[in-house]
Amino acid sequence: MGKVAIVTDSNSGITQEQGKELGVFVLPMPFFIDGQMFLEDITLTQEQFYEKLGADSDISTSQPSPGDVMELWEKVLKEYDEIVCIPMSSGLSTTCFTAISIAEEYKGRVQVVDNQRISVTQAQSVYDAMKLRDDGMTAAQIREVLEREKLQASIYITVDTLKYLKKGGRITPAAAAIGTVLNLKPVLQIQGEKLDAFAKVRGWKAAKKTMLNAIENDLDTRFASVKDKMVLGMAYTCGKEEAQEWKKEITERFPGYDIVEGPLSLSVACHIGPGAMAVTCMKRV
């Protein structure tokens, strides 16, 4: 049986340090801040990113260059026979399609998973891939399972400020102004490919309740037949103290579930800003 390596990107929320502990290779996502390129978790920390975001720096997301992708793969393939590559959702970035195109040069040794996940749901796919590999599956078999199960996940997010949704053109300046005055909190969802509106409520308490209700509804309907295989997740762009309070609320509402947690990827944070909270559910393969 060939040795199979797992490669993901920093949109999974898996840090370089965690990657080393897990034996997983993490490709850092590049960002341009005021014209200068930074690499997530290498030359750009979470704290530095939010400092720049708060200072209204010009921040844009990018994707790793084909050369950087190939350099990592070549290095990994010196030690491993095959690679399972789990990039962020193809609906949120072209990173996945670029990787699929590059993988054609590797004659099956690199299997790119069109996973349609991000943040803790993407991280769960990494953990699933590790388990499937340890169970003896090849890279191609792992990709097949993960793509078959990719839509068995939900993410709900609420934001602290409408400023970044307005900046990204997701809401109009007029809607942002009215929403700020009325303390409206949009609840967004990621179901597979896209970040979409889900609900609009007044205040944090109502927003959190809406997200928890949505997860409960998913568990009781979409995922009713696999409820015992579901894992919950929580992610955030808020401070650690608020994040732990949010985790406590999730745990109290859904006792007995494992919870995967971590900061939301900086690629998502660019569009929603600091102070956001998310809750997810996903099927453990």
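Residues are numbered from 1 along each chain as its sequence is written, and side-chain values use heavy atoms, with hydrogens and water left out. Because the model is predicted, local features need pLDDT of at least 70 and side-chain atom pairs count only at pLDDT 80 or more, while totals for chains, interfaces and linings use all residues.

Asp114 is buried yet has no salt bridge, and Lys150, the nearest side chain of opposite charge, is 4.5 Å away. Here buried means under 20% relative accessible area, exposed means over 50%, and partly exposed lies in between (1.4 Å probe, protein chains only). A salt bridge is a side-chain nitrogen of Lys or Arg within 4 Å of a carboxyl oxygen of Asp or Glu; for charge, Lys and Arg count as positive and Asp and Glu as negative, whereas His and the chain ends are not counted. The side chain of Asp114 does make a polar contact of 2.8 Å with that of Ser90, a polar contact being a pair of N or O atoms within 3.5 Å, of which, within protein, one must be able to donate a hydrogen and the other to accept it, and residues adjacent in sequence count only if both atoms are side-chain atoms. Not counting residues up to four places away in sequence, Asp114 touches Ser90, Cys96, Glu147 and Lys150, with contact taken as heavy atoms within 4.5 Å.

## Val4 and its neighbours

Val4 is found in strand 1, and it counts as buried because its relative accessible area is 5%. Val4 and Ala139 are 135 residues apart in sequence, but their C-alpha atoms are 6.4 Å apart in space. Leaving aside neighbours within four places in sequence, Val4 is in contact with Tyr80, Glu82, Val84, Arg133, Met137, Ala139 and Ile142.

## Salt bridges

By the rule given above, the count comes to 14 salt bridges. Side chains of opposite charge can pair when their charged atoms come close. Arg133, one of the contacts of Val4, forms a salt bridge with Asp134, and the closest N and O atoms of this pair are 3.3 Å apart. Arg133 is buried, with a relative accessible area of 17%, whereas Asp134 counts as exposed at 59% relative accessibility.

Arg253 forms a salt bridge with Glu216, with the closest N and O atoms 2.5 Å apart. This pair links distant parts of the chain, since Arg253 belongs to helix 10 (residues 240-253) and Glu216 to helix 9 (residues 204-220), 37 residues apart. Arg253 counts as partly exposed at 29% relative accessibility, and Glu216 is partly exposed with a relative accessible area of 32%. The side chains of Lys227 and Asp220 also meet in a salt bridge, at 2.6 Å from N to O; Lys227 is partly exposed, with a relative accessible area of 32%, and Asp220 counts as partly exposed at 41%. Elsewhere, salt bridges that share partners join Arg148, Glu149 and Lys283 into one network.

## Glu149 in its loop

Glu149 lies in the loop between helix 6 (139-148) and strand 8 (153-158), and this residue is buried, with a relative accessible area of 13%. Apart from neighbours within four places in sequence, Glu149 is in contact with Arg117, Lys283 and Val285.

## Two positive phi angles

Asp34, although not a glycine, has a positive phi of about 50°, and its place is in the loop between strand 3 (30-33) and strand 4 (36-39). Asp56, also not a glycine, has a positive phi of about 60°. Asp56 is found in the loop between helix 2 (46-54) and strand 5 (59-61), and it counts as partly exposed at 46% relative accessibility.

Definitions and conventions. Helix = DSSP H or I, 4+ residues; strand = E, 2+ residues; numbered from the N terminus.
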